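Please read the following with the model open beside the text. The paragraphs take one part at a time.

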Amino acid sequence: MDDWIEERLGLRALKGALLDKPLGPNVGWSQTLGAIALFLFLLQAATGVVLSFYYVPSPDHAYAAVTALDKEVPLGWLLRGLHRWGASLMVVAVLLHLGRSFLHGAYKPPREATWMAGVLLLFLTLAFGFTGYLLPWDQRAYWATVVGQWIIASIPFVGGILVQALGGLEVGGATLSRFFVLHILLLPAAMVALLAVHLYLVQRHGVAGPPRQSTGAPRPFYPFHAVKDLAACLVVFLVLLGLAATLGAPLERVADPTDTTHLP
């Protein structure tokens, strides 16, 4: 039976390529940042799917839907807390991963394409944060998005076009619905496609280690580094769970476009 499956799916060859790939002896805990960022993205996707079941992308219903999620859905407050703090931790993880890659010279040949894909993934991560920030439709979300729209509008040549595509300078129903579509459809599709490219390039060119002389024999990814990835992701999840359980996801009063005294 094993041979029948192997002949059709080639799982042994896939296992050899993914798990048995040798890593340099200097690859250590700092190289777990990429796995942490990937783990947080998958967690954001899972929690986001559940949240979207209860969310209504309309100025008349968005705030009420979020409030009901916090108060009426079992553990809804915890789910929203995981999503909210997971977004922040994902930005931190991607920035640290990019910084570590830069310090280890991962932008040098032959890894230039890997580096460029990583930079684009950072921009997508920030776009996730910007589009998701508006969705609770409270005062903080509304007025912070107004500021963000004006910043985008100030970009030379393309700023006006981008703002109009995002619903205009006057944040309203069009802005909310377009941000929602970007947040749950277009950005995830772009992220998955770019992640596939990035992971393929990492697989092809290997993980960049510290720029110092390697000592010792190469070791396989599994179990040598896979255990570190799993341990690091577990620690991050426990920290995230603690933040969500103790701090939750803050929610101010419903957005009021006429309240120009609010300081975002």
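What follows covers a helix, a histidine and the salt bridges.

This is a predicted model, in which local features need pLDDT of at least 70 and side-chain atom pairs count only at pLDDT 80 or more, while totals for chains, interfaces and linings use all residues. Residues are numbered from 1 along each chain as its sequence is written, and side-chain values use heavy atoms, with hydrogens and water left out.

Begin with helix 10, which runs over residues 221-247. Helices (H or I, at least four residues) and strands (E, at least two) are DSSP runs, numbered from the N terminus. The expected span of a helix is 1.5 Å times one less than its number of residues. Gly248 follows helix 10 and has a positive phi, near 60°.

Which residues of helix 10 are buried? Buried means under 20% relative accessible area, exposed over 50%, and partly exposed in between (1.4 Å probe, protein chains only). The buried residues of helix 10 include Phe224, His225, Lys228, Asp229 and Cys233. Their cover includes strand 1 (22-23), helix 3 (33-54), helix 5 (76-103) and strand 2 (219-220).

Next, find His183 in helix 9 (residues 173-205). Because its relative accessible area is 13%, His183 counts as buried. Contact means heavy atoms within 4.5 Å; leaving aside neighbours within four places in sequence, His183 is in contact with His83, Phe128, Thr131, Gly132, Leu135 and Pro188. A polar contact is a pair of N or O atoms within 3.5 Å; within protein, one must be able to donate a hydrogen and the other to accept it, and residues adjacent in sequence count only if both atoms are side-chain atoms. The side chains of His183 and Thr131 make such a contact at 3.0 Å. A polar atom of the His183 side chain also lies 3.4 Å from the backbone nitrogen of Gly132.

How many salt bridges does the structure hold? There are 3, a salt bridge being a side-chain nitrogen of Lys or Arg within 4 Å of a carboxyl oxygen of Asp or Glu. Arg140 pairs with Glu252, with the closest N and O atoms 3.4 Å apart. Arg140 lies in helix 7 (residues 139-153) and Glu252 in the segment after helix 10, so the pair ties together parts that are 112 residues apart in sequence. Arg140 is partly exposed at 38%, and Glu252 is partly exposed at 26%. Arg80 pairs with Asp70 at 2.9 Å, and Arg80 is buried at 8%. Arg253 and Asp259 meet at 2.6 Å, N to O; Arg253 is partly exposed at 46%, whereas Asp259 is buried at 13%.
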